Amino acid sequence: MTEEQQSESKPVAPTVKQNPDFEILYWIGCAASYDRRAQRVARATVKLLNAAGVNFAILGKEEKCTGDSARRLGDEFLFQELAEANIATLAKYKVRRIIAHCPHCVNALLKDYVQFGGEYEVLHHTQFLSQLLSDGRLKIEGEIPASLSGPLTYHDPCYLARVNGIHEAPRDVLNQSLAGRAGEQGVREMTRCREKTSCCGAGGGRMWMEEPPQQRVSTARAGEALATGATTVAVGCPFCLTMLTDGVAANESSARVLDVAEILTERLGL
Amino acid sequence: MTPTRETFGNISTSSQVVFYVVAVASMAVFGYGIWRRFRLWRQGQSISLKQLATGTVSQIATKIGPGLRRLLVDGLGQQRVRGRGLPSWAHGLMFAGFMMLFLGTTLLEINHLAEMVSKNLGFHHGLYYIIYELTLDLFGLLFIVGTSLFFARRLWKPPSVGHRGTDWLVLILFLAIGITGYFVEALRIVWQQPTGIGAQCSPVGLWLSSAFRGWTEGQARAAHLTVWWVHALLVFGFIAAIPFTRLFHLIAGPINLFLSKTVLGQLKPITLEEAERDGRIGVSDIRHLTSQQLVSLDACMECGRCEDVCPAFATQKPLSPKRVIQDLKGVMEHLADATPDTPLSPHDVIKPETLWSCTACSACVFVCPVRIDQLTLILDMRRHLTSEGGLSGTAATALRRMQSSANPWGFPQSERANWVPESTSPPPN
């Protein structure tokens, strides 16, 4: 069989059982597993991983919620139950390296699980994509699509930028995706960015709570993003994706809210 | 002639004796003030300080290294005070002036004690003297400028900054100490009549001394003694006031910097054994906080940075991280006259809505200059609420779904990979 035929017969997102020799595990998280909008982020990421020929696998039905929200809502033992189940599953498949597109999963896998014996190398998908770009495994070629010609800003997720210090990788992916635009260079920054970013309103279990419209953190933050003049708001977290999409709508704007991976697939025409 | 001045020059022996008696008295008040807070801190959960000092030298160094680093970088280096424009400058100037004057006064005292042993042990002369006088003369100005900026800020009253009546006492005390210090120096120059470098090395004092041109030596000596006493009593008043005013952060701030082990995004696990032994989960009594957490409450200066960056506060929710710290501190203060059985629940003063408003974004922890961990305090209290079934509504539903379906949406586990694109070839078997 030629290499091409092989890749055709392989699932686009193989499970750890289908691809036991995987090099890196892609942790999907609950949002991309069940939320229709966030599912598109996972699909975009999978397209990019496939395009770069990354040997990865997913846990599929064996993945459970990391328990981040449970722990931060104060339910320590529910969190521990989920953490122990996930750590056992990860051990069963000898997982050492993980990529995740949800900063809450990244933080849980990196900082919560280590307390219960789960030690992994965890990368946010933007870090991994930035590596793929610099290694030349993903190549930016051709004309930039018209959809990416407008001003773009990036909202740093708290659990990524502040809590884990990851803020250059997403900018690197975005700036490379925007390269070749007429007139404008790179990402437009909000006043509160990187470690000083402001919350989307969904952390600490607030994702699961109702907020009166006049008190929505997401509306305020989306207002800051739109104040840059951006017509595209890039995010790096499925919670931020939901919150800022609502926030942009509450600001009566037609700006697009997209994950960094979606912007890169758009640029690559995938 | 070597440039120098006599330590306690123009101060009679009887005055010196009274000086030392007052010094001991003010230190005693200072010590009592610290001890009364220390007694409160000790009622928290043990943080095993003894462990820090056990083991081989290198083991101890690894244990206390990070704390010392925080003291040097965050404390002496003022790393976390920076970034707020003028108030940061004000603190930096006041801090630099204060530390240098404190160091200078200590050296002067060492010199005085050394000279009591033997005149030959005195070191307050020559090149050392020139550098000493010049440094203190200039840093005194920084101290006064920094204090004046804070004075202006207190008049301005930014809403996020806490204000208490004693803040004025502290600022007036500081200004008075700085100004009388210069008068002591100027009047000493008038009666001592130093020449050459010995006079030039105190430029501010020398400039001020010109105001007393024409005074006789006798007049200058009398005025010098009076102002010297005023200056000394102000300083002793300041030392005694430290534990009873906002100045207490001079003590609690560095202790908290040394003890605080905050890692953003990480929480302390609770084991089932602990939960069974204690018969509770989380914090339902102020004594359930650790001693370090109690110290951190006293480290708070109410600078308001946490409140300024809090997304819940910004959207008119009932949460201010600063308020939470102050409320907890209020409960801690009740420990002073409580018996071990008196229940002192923080939940009596901090409402559940306040605790549920937090998005755990860590912004408050990130900006706190003295590394208070507001988030962990909030989550420790949430743990208690949740264990008592205090969470209701959609968030409680999400928790139940996480329990039953391992995801907060409550969809079946079997559908977890349904997002995988259609084009996927069917999995083998």
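## Helix packing and cavities

In this predicted model, helices α15(B) and α18(B) are roughly perpendicular to each other, because their angle of about 65 degrees falls in the range of 65 to 115 degrees that counts as such. Their axes lie 10 Å apart. Helix α15 covers residues 321-333 of chain B, and helix α18 covers residues 374-387 of chain B. The crossing of α15(B) past α18(B) is left-handed.

On the α15(B) side, the contact is formed by Pro321(B), Val324(B), Ile325(B) and Leu328(B), which meet Gln374(B), Leu377(B), Ile378(B) and Met381(B) in α18(B). Classed by type, the residues of this contact comprise 7 nonpolar, 1 polar and no charged.

The structure also contains 5 cavities of 30 Å³ or more. The table describes two of them.

| Cavity | Volume | Lining residues by class |
|---|---|---|
| Largest | about 130 Å³ | 10 nonpolar, 4 polar, 1 charged |

The largest cavity is lined by 15 residues, of which Cys30(A), Cys65(A), Cys102(A), Cys105(A) and Phe239(A) are the closest to its centre. At least two lining residues come from each of α2 (29-34), α4 (68-72), α6 (103-112) and α11 (238-250) of chain A. The greatest contribution to this lining is that of α2(A), with 3 residues.

Notes. Residues numbered from 1 in each chain as written. Chains lettered and ligands numbered in written order. Predicted model: local features only at pLDDT ≥ 70, side-chain atom pairs only at ≥ 80, totals over all residues. Heavy atoms only, no water. Axes fitted to C-alpha atoms, helices over the stretch in contact; angles between N-to-C directions. Helix = DSSP H or I, 4+ residues; strand = E, 2+ residues; numbered from the N terminus. Parallel < 35°, antiparallel > 145°, perpendicular 65-115°, else oblique. Left-handed = near helix turned anticlockwise from the far one by under 90°. Contact = heavy atoms within 4.5 Å. Nonpolar A, V, L, I, M, F, W, Y, C, P; charged D, E, K, R; others polar. 1 Å grid on protein atoms, 1.4 Å probe; cavity = no way out; pocket = protein on both sides within 12 Å on 5 of 7 lines; lining within 4 Å. Points joined across faces, edges and corners; volume = space filled by probe spheres on them.
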